[in-house]
Amino acid sequence: MSNSTISIHPSWKRVLEDQFSSSYFLKLREFLLEEKKQYPIFPPGKQIFSAFDRTPFESVKVVIIGQDPYHQPGQANGLCFSVSPGVSKPPSLNNIFKELETDLGIPVPKTGNLEPWADQGVLLLNATLTVRQAQAGSHQGKGWETFTDAVIKKVSDEKTGVVFLLWGRYAHSKEELIDKNKHFILKAAHPSPLARGAFFGCKHFSKTNELLKQQGLEPIDWRLEK
């Protein structure tokens with residue numbers, strides 16, 4: 001997991017160079033190497049930085065912040081809320097698609113793979129980029145949050161007009177990292193069923209596209225199947 005071997009777009013290597021060489025990141029790397037000797041870790045190594053590989057820094061128009069990767073085999077693919085092709089959609093993702101259907105009339109897709117969003121400039125960022133199999137939150141507090149907070153701060157500092165979608169209390173806590181004078185922040189409840197439907201009606205997908213169009217930017221095509 002060195003800067004030279006991880007699969008990550010060169011634009012992010014440049015922007016995050018100071019993070020990769022910092023002491024906390026080196027400790028995180030050692031932790032992951034030890035974990036991997038004893039437990040299955042998700043997502044697979046090559047996909048840990050998928051969000052940064054599929055969405056170059058220059059392309060970022062929208063940021064969605066999740067918390068942890070999915071912790072069951074075959075689910076996590078390095079993009080928050082997304083699952084690998086052919087994998088059943090978890091409840092939160094199903095609710096995201098239900099809101100998308102209500103908001104923009106896009107039918108709920110069969111796939112839960114959000115790579116087409118990432119390819120259009122939607123940074124799908126989990127606060128923690130790895131997890132031990134079947135143990136939610138097992139890699140929290142090991143350094144990932146320091147790294148992903150730095151990512152949010154870099155986007156805020158070096159870009160303008162990015163739409164940040166903050167779903168749930170954990171994502172709301174990241175608001176302090178974002179310059180509200182330069183960017184747009186849309187907040188809603190978490191799409192989890194535990195939020196008892198409070199996510200529904202937020203219309204974040206249409207609102208995001210309106211904000212992008214106001215800036216002369218191409219809106220996101222939220223369809224996963226065409």
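I looked up the largest nonpolar core of this predicted model. The core has 65 residues (buried Ala, Val, Leu, Ile, Met, Phe, Trp, Tyr and Cys joined through side-chain atoms within 4.5 Å; buried means under 20% relative accessible area with a 1.4 Å probe, protein chains only). Those with the most contacts inside it are W12, F49, F52, I64, W117 and F147.

Residues are numbered from 1 along each chain as its sequence is written. Local features need pLDDT of at least 70 and side-chain atom pairs 80 or more, while totals for chains, interfaces and linings use all residues; side-chain values use heavy atoms, without hydrogens and water.

I then took F52 and left aside its neighbours within four places in sequence. F52 is in contact (heavy atoms within 4.5 Å) with I8, H9, W12, L16, L125, L129, F147 and V151.

I followed the pairing (at least two DSSP bridges between two strands). β2, residues 62–66, pairs with β3 in the parallel sense over five bridges, and V62 has V122 as its bridge partner. β2 also pairs with β5, residues 163–167, in the parallel sense over four bridges, where V63 stands opposite F164.

The open sheet has the order β3-β2-β5-β6, with parallel pairing. β3 and β6 (184–188) stand at the edges with a single partner strand each, so one side of each lacks a neighbour in the sheet.

Conventions:
Buried < 20%, exposed > 50% of the residue type's maximum accessible area, 1.4 Å probe, protein only. Helix = DSSP H or I, 4+ residues; strand = E, 2+ residues; numbered from the N terminus.
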